[in-house]
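Subject: Structure for your review

Dear colleague,

Please find below the structure I promised to hand over. I would be grateful if you could read the notes that follow with the coordinates open beside you.

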Amino acid sequence: MTVRMIDQGVIELTGRCGADEAEVLQHQLLAAPGAVVEWTRCEHLHSAVIQVLLAAGRLMQGTPNTVFLADFIAPILTRSAVRQRTAQGLRAASQAAEEEQRDGL
Amino acid sequence: MDELLAQFLIESRELVDKAADDLLALEKAPGDRQRFEDAFRAFHTLKGGAGIVEFAAMQTALHCAEDALAAARSESRPVSSLDIGNCLSCLDQVAEWLDAIESTGAVPVDADPADIVALFAQAAGSEPIAVPRASNAEWIDGLLRAHPAVAPRAQTALRYTPAADSFFRQQDPVATIAGLPGLLALDLRQREAWPTLDELDPFACNLTIEALLAPDSATALAALGDEARHCEIETLRGRPHAADSDSLVRKAAELLDAQVHLLESAENTEQLGRIASAGLVATNVLRHVGRSAEADAVATAAAVAIAERRLQPLLEALAAAVQGPPPAEVAAVPAERRGAKQTVRVSAERIDVLVRLIGELVVSSNAMGHVTKLAEQWSSPLTGTLKNQHAALGRLVAELQRAVVGMRVLPLSAVFRRFPRLVREMSAELKKPATLVLEGEETEADKAIVETLVEPLVHVLRNALDHGVEDAAARVAAGKPPVATIRLRAYRQREHVVVEVTDDGAGIDIAKIKQIAHDRRLLPADELAALTDQESLNLIFLPGFSTAKTITHVSGRGVGMDAVRTAASRVGGHVDVRSALGKGTTVRVTLPFSVLVTQVMTVEAGGQLFGIPLDAVVETLRVDKDKIFPVGAAHAIVLHDRTIPLVRLAEMLADRADVRWDDTGPIVIAQLGGELGAVQVDRIGERIDVILKPLDGLLAGLPGLAGSTLLGDGSVLLVLDLAEFVR
């Protein structure tokens, strides 16, 4: 098992995560919306797994051991997570502003 | 003239020169991609400029040239000699129009590009002219901007869009890119906006992978293998170097080969997929190495193969592509691209004004020297101060001179660049194949000198090709290569610039020269007979001498080597010739580095003051009266075991027989066109820097005078051309 829920707050990726683990990860992420993804012991992520992480926009925890993951994939995932959060935050803020306006009227 | 038009003129002229250079270089090395691109760019920029000043005729003409070049590019063939000729004609026409703009200050309304259009239409025949595909590369810009740190090292940009079912097919696209050699940067993008996590299909690939790679695109192409068909690969900087290009071609050939093997080993059931895939990869590969014609052929063949459900058409097209000629060989690209230097464009006239002013300043400084001497004579208490100030002024003026001379300095390439074309045309006209080799074109000289060189060199080159070089048959018979070599070599020799034109032609037949000189009564027979070989050679410099049997368009227009000598001596230079029968001829033009300042020595003779250019003076000496011995009607002295003809300046200048001169006066030994001459004067004065002005008015054309200059006391000093005296 390379994708597992450690506790409610952390999903850990270890070793080589293949294509078929994308779906497992997807389910776990859906089950724990607030969880971060710990990947210090991860050695390889299949494109399908990376795709799930990009779509989920979760923050990653730790630094993986391989150069490729640390140097090339980590920044992409971080950017994606930040972008999604900002987008979510903006949406929430504008929703709140609209509601306020409506209430005011 | 309006400023825009003025700027357009300056830039267009530069571009015309540049384009002509590139075309000529391209003719020598048709595979030189860099030159090709340079030429193409020059034409394109010229056309753009024409559009800005709304000069439609020029735009049309240049468009034709551009099309011809583009056609060569899209067909991946070297530019033909015909195309180059046509493009040069187009540049000629453009230059003519530019002249018209310069003289009238407006775009010529009657300019007609029809001739140029016809020229290119004829060359193109009925074939439609292909337009190069522009690659839409916004993603590359974005990628480079996102990774500024590695962008300068990246040679290749890659965008990989894996098939949506690639995860099913056991592919890991990100890992594929991770495995590429020299990965510098990676970006992952979604093809369609990410759905919410619960709606995401984890098995459908929605990724686009963009990457920057350090190695050339061929390396990436080879490493990607079959997946290359899902990639856009762009070479980022410059063109691949010759060696890379070789490997590119080799790798491309390997990939093509691999496709053939794939197809041949395919089972019937999977054939269609294989055909499509192999066809795509091969097309991609061929397009990438610039063989788009073959790429199109393969793509068509693949379509036919799929439609007919058989391999044969594609296999044939691939075999043709594999064995087909490699793309035009890529000549070594001149790596040297000068770093951007900060320059200010200043018109030549402004610098000329500065030069004139410096001239006046020199005269003024000399005047102060005169005043200083007067003060000395009157034992003025100011003498010391004056002397110091004069010395300081002298130094400053000298420095200023050097600086201004430096501003006017041009590399000889400014003139040399027009010669390859001249030789090309003359060689075609005379049907004597010849190549021009340029050496030392980076040698610099004062602009005025560089410009002086044009006319003489044109004459010399014409002569070399017309009279010097034999036709191909005669050359082969003489055991020489059929194509003649004319070498134009420039170098700096102390304060002089020397330009040599050497041909490997027949050499000058001295007997023939003497015969012609005799026939044209240029010299009396007895004098002719007494001439040494070198002196006989020099007969070609006599006015009215021309050895051409027939008047040709190229030379023999009544201007010959005498024109060359006149032009050179006008700026204080000289010309000499050496020749070996059957081996070739060298004409050497020696000119001063700068016309700005001439050092002269003042001498007195017959009660008058004259100047002698110091660069001609070898030494000055006194000899006893009895060491001067008569030779016929003239005199001579013996110096270092050489007999040197001697003239007495006062005697030469005297219009009356009763002028007295000092026959024990000092003697100036001068170097005159390779020979020594001695001139006896009454007194030797000082050395001064002068600005030599050519004689005009009444004195113009007077033999024996090189020019005049103003002295510090306001009087005029005539500067002698000693060569005329000793002759």
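Predicted model: local features only at pLDDT ≥ 70, side-chain atom pairs only at ≥ 80, totals over all residues.

Chain A

The secondary structure of chain A consists of three helices and six strands. Read from the N terminus, its elements follow the order β-β-β-α-β-β-α-β-α. Of the 105 residues in chain A, 46% are buried. Taking the contacts in chain A between residues at least 6 apart in sequence, 60% join residues at least 24 apart.

The interface of chain A and chain B

Between them, chain A and chain B bury about 2,000 Å², and 70% of this area is on carbon and sulfur atoms. On the side of chain A, the residues that lose the most area to chain B are A:Ser47, A:Gln51 and A:Phe72, which together account for 29% of what that side buries. Chain A contributes 24 residues to the contact, and chain B contributes 24 residues.

Polar interactions across this interface were also searched for. Nine residue pairs are in polar contact between chain A and chain B, with both residues at pLDDT 80 or more. The elements of chain A that give two or more residues to the side touching chain B are α1 (21-31), β5 (42-45), α2 (47-56) and α3 (67-104). Among these, α2(A) gives the most, with eight residues. By residue type, the side of chain A that touches chain B divides into 15 nonpolar, six polar and three charged residues.

One salt bridge is found across the interface of chain A and chain B. In it, the side chains of A:Arg79 and B:Asp187 meet at 3.1 Å, N to O. These two residues also belong to a network of salt bridges that links A:Arg79, B:Asp187, B:Arg189 and B:Glu210.

Salt bridges

Over all chains, the structure holds 30 salt bridges.

B:Arg421 and B:Asp92 form a salt bridge in which the closest N and O atoms are 2.6 Å apart. B:Arg421 lies in helix α16 of chain B and B:Asp92 in helix α4 of chain B, so the pair ties together parts that are 329 residues apart in sequence. B:Arg421 is buried, at a relative accessible area of 14%, whereas B:Asp92 is partly exposed at 37%.

The side chains of B:Glu232 and B:Arg159 meet in a salt bridge at 3.1 Å, N to O. This pair links distant parts of the chain, with B:Glu232 in strand β4 (residues 231-235) and B:Arg159 in strand β1 (residues 156-160) of chain B, 73 residues apart. B:Glu232 is partly exposed at 32% relative accessibility, and B:Arg159 is partly exposed at 24%.

B:Glu37 and B:Arg33 form a salt bridge with their closest N and O atoms 3.7 Å apart. Both residues lie in helix α2 of chain B, four residues apart, which is about one turn of the helix. B:Glu37 is buried, with a relative accessible area of 10%, while B:Arg33 is partly exposed at 23%.

Aromatic pairs

The count of aromatic pairs over all chains is five. In one of them, the rings of B:Phe55 and B:Trp97 have their centres 5.4 Å apart and their planes at 55 degrees, so the pair is tilted. B:Phe55 lies in the loop between α2 (33-52) and α3 (56-74) of chain B, and B:Trp97 in helix α4 (residues 81-104) of chain B, so the pair ties together parts that are 42 residues apart in sequence. B:Phe55 is buried at 1% relative accessibility, and B:Trp97 is buried at 5%.

B:Phe416 and B:Phe419 form a tilted aromatic pair as well, at 6.2 Å centre to centre and 50 degrees between the planes. Both of these residues, B:Phe416 and B:Phe419, are buried.

Surroundings of B:Ser427

B:Ser427 lies in helix α16 (residues 419-430) of chain B and is buried, at 12% relative accessibility. A polar atom of the side chain of B:Ser427 lies 2.9 Å from the backbone oxygen of B:Lys432. Beyond its neighbours within four places in sequence, B:Ser427 is in contact with B:Lys432, B:Pro433, B:Ala434 and B:Leu465.

With kind regards

How values were computed
Residues numbered from 1 in each chain as written. Chains lettered and ligands numbered in written order. Heavy atoms only, no water. Phe/Tyr/Trp six-rings, centres within 6.5 Å; stacked < 30°, edge-to-face > 60°. Buried < 20%, exposed > 50% of the residue type's maximum accessible area, 1.4 Å probe, protein only. Contact = heavy atoms within 4.5 Å. Buried area = accessible area lost by both parts, 1.4 Å probe. Salt bridge = Lys/Arg side-chain N within 4 Å of Asp/Glu carboxyl O. Polar contact = N/O pair within 3.5 Å; in protein donor to acceptor, adjacent residues only side chain to side chain. Nonpolar A, V, L, I, M, F, W, Y, C, P; charged D, E, K, R; others polar.
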